[in-house]
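Welcome! Try each task yourself before reading on.

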Amino acid sequence: VSYEAFEDEANYIQNMENLCNKGLTSACGALFGMKFLQSSGGLDSLLSGNDTEFKPNKDLESIAQKMISLQDYRGYSLLGSYLEGDIQKAKEIYSEGSEKGDSQSTMVLFGLEIDEEVNELESNQK
């Protein structure tokens, strides 16, 4: 296991950007993860349990869209995770990903639908 991403974050991100720009979609996924982590307050914030407000980052959208354009449909589940603040838009993205064969999008969409049904049942019982 390499900890390069956390030892020299800027260099790791630059390397992943270079590889992503060359069409290596796994690098795009790694880049998305690092930028998502940064937008969420960084590793220290995550490890300390501090809820830091997520900062929107248009780079995340473009990275996921690049993956999708390269026919790596895992980009749909990444894009959906980024858009979960707008649950309807996220569900549309997950649905599209599910239709294209992204199993993660299918699982997340299923979970969201179960949550909605549970919430509806709970509100009807009150």
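**Exercise 1. Find which residues T25 is in contact with, leaving aside its neighbours within four places in sequence, and decide whether T25 is buried or exposed.**

Solution. Step 1: look around T25 while skipping neighbours within four places in sequence; the contacts are M67, L70, D72 and R74. Keep in mind that this is a predicted model.

Step 1: T25 belongs to helix 3, which covers residues 25-39.

Step 2: The relative accessible area of T25 is 15%, and buried means under 20%. T25 is therefore buried.

**Exercise 2. Describe the overall make-up of the chain: how many helices and strands does it have, and what share of its residues is buried?**

Solution. Step 1: count the elements. There are 8 helices and 0 strands.

Step 1: read them in order from the N terminus, which gives α-α-α-α-α-α-α-α.

Step 2: turn to burial. Of the 126 residues in the chain, 32% are buried.

Step 3: check how far contacts reach along the sequence. Take the contacts between residues at least 6 apart in sequence; 42% of them join residues at least 24 apart.

**Exercise 3. Work out how helix 3 and helix 6 are oriented to each other, and list the residues that make their contact.**

Solution. Step 1: compare the axes. Those of helix 3 and helix 6 come within 11 Å and cross at roughly 10°.

Step 1: Angles under 35 degrees count as roughly parallel, so helix 3 and helix 6 are roughly parallel to each other.

Step 2: list the residues. Helix 3 brings T25, S26, G29, F32 and F36, while helix 6 brings R74, L78, L79, S81 and Y82.

Step 3: sort them by class. The contact of helix 3 with helix 6 has 5 nonpolar, 4 polar and 1 charged residues.

**Exercise 4. Explore the largest nonpolar core: which of its residues touch the most other members, and which helices each supply at least two residues?**

Solution. Step 1: pick out the residues. The core has 24 residues, and L31, F32, L79, Y82, L83 and Y94 touch the most other members.

Step 1: trace the helices. At least two residues of this core come from each of helix 2, helix 3, helix 5 (58-69), helix 6 (74-82), helix 7 and helix 8 (103-125).

Step 2: follow one member, L79. Not counting residues up to four places away in sequence, L79 touches F32, E61, A64, Q65 and I93.

Step 3: widen the view to helix 6. Its buried residues are G75, Y76, S77, L79, G80 and Y82. Their cover includes helix 3, helix 5, helix 7 and helix 8.

**Exercise 5. Decide for P56, Q71 and I87 whether each is buried, partly exposed or exposed.**

Solution. Step 1: take P56, in the loop between helix 4 (42-48) and helix 5. The relative accessible area of P56 is 70%, so P56 is exposed. The C-alpha atoms of P56 and Y82 are separated by 8.3 Å, although the two are 26 residues apart along the chain.

Step 1: take Q71, in the loop between helix 5 and helix 6. Q71 counts as exposed because its relative accessibility is 60%. Phi of Q71 is near 65°, a positive value in a residue other than glycine.

Step 2: take I87, which lies in helix 7 (residues 87-100). With a relative accessible area of 34%, I87 is partly exposed. I87 and L112 are 25 residues apart in sequence and 9.1 Å apart in space, C-alpha to C-alpha.

Terms used. Residues numbered from 1 in each chain as written. Predicted model: local features only at pLDDT ≥ 70, side-chain atom pairs only at ≥ 80, totals over all residues. Heavy atoms only, no water. Helix = DSSP H or I, 4+ residues; strand = E, 2+ residues; numbered from the N terminus. Buried < 20%, exposed > 50% of the residue type's maximum accessible area, 1.4 Å probe, protein only. Core = buried A, V, L, I, M, F, W, Y, C linked by side-chain atoms within 4.5 Å. Contact = heavy atoms within 4.5 Å. Axes fitted to C-alpha atoms, helices over the stretch in contact; angles between N-to-C directions. Parallel < 35°, antiparallel > 145°, perpendicular 65-115°, else oblique. Nonpolar A, V, L, I, M, F, W, Y, C, P; charged D, E, K, R; others polar.
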